[in-house]
Amino acid sequence: MGASGVLARILAALALVLATFNPSGYSYGHWLAHGLPHVSAAQVVVGLLLLICWVVYVTATLRSLGLFGVTLLATLIAALVWLAVQNGWLHLSGGSVLAWVAVIATGLILGVGMCWSFVRRRLSGQTDVDEVHGN
């Protein structure tokens, strides 16, 4: 997998997060909240599809990075945001800016988690193998 594969996985993860919720007002969360307490069959189907995607992404991310790796990556992103704020490149004055930062950070973490095993294999030559339980 090359750089285009890594970029595609990160963009797919960002799309999943942004489709689920984003501060623009156009997301599954807003669609669902707008009609509450009534929920349509289409909303249930889309919600279940999103849930399946979230389970796949979170499971792959935790298997690839582990809880420590996810925490370390989240801390790195937080430090980069701090650096951007401290240098005046980013202003967190509005609540939506902070929400956008959180949404993008979540997408980046999931995207990196989806491709980290491939990156690690390229860097170290080691392959990850899932545990297989025998009878």
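Trainee: Between which two helices is the loop that holds Pro37?
Mentor: This is a predicted model, in which local features need pLDDT of at least 70 and side-chain atom pairs count only at pLDDT 80 or more, while totals for chains, interfaces and linings use all residues. Residues are numbered from 1 along each chain as its sequence is written, and side-chain values use heavy atoms, with hydrogens and water left out. Helices (H or I, at least four residues) and strands (E, at least two) are DSSP runs numbered from the N terminus, and on that basis the loop with Pro37 lies between α2 (28-35) and α3 (41-86).

Trainee: What is the omega of the peptide bond that joins Leu36 and Pro37?
Mentor: Most peptide bonds are trans. The bond joining Leu36 and Pro37 is cis, with an omega of about 10 degrees.

Trainee: Is Val44 buried, exposed or partly exposed?
Mentor: Val44 is found in helix α3. Buried means under 20% relative accessible area, exposed over 50%, and partly exposed in between (1.4 Å probe, protein chains only). Because its relative accessibility is 42%, Val44 counts as partly exposed.

Trainee: At which residue does α3 bend?
Mentor: The expected span of a helix is 1.5 Å times one less than its number of residues, and for the 46 residues of α3 a straight helix would reach 68 Å, whereas the end C-alpha atoms are only 47 Å apart. The bend at a residue is the angle between axes fitted to the seven residues ending there and the seven starting there. In α3 this angle is about 90 degrees, at Gly66.

Trainee: Which element has the lowest mean pLDDT?
Mentor: The pLDDT is the predictor's confidence in each residue, from 0 to 100, and the chain averages 89, with 92% of the residues scoring at least 70. Among the elements, α3 has the highest mean, 96, and the lowest, 87, belongs to helix α4 (residues 95-124).

Trainee: What is the C-alpha distance between Leu50 and Tyr28?
Mentor: Leu50 has its place in helix α3, where it is buried, with a relative accessible area of 13%. Leu50 and Tyr28 are 22 residues apart in sequence, and their C-alpha distance is 8.9 Å.

Trainee: What percentage of the residues of the chain count as buried?
Mentor: The chain has four helices and zero strands, and its C-alpha atoms fill a box of roughly 50 × 50 × 25 Å along the principal axes. Of its 135 residues, the share that counts as buried is 23%.
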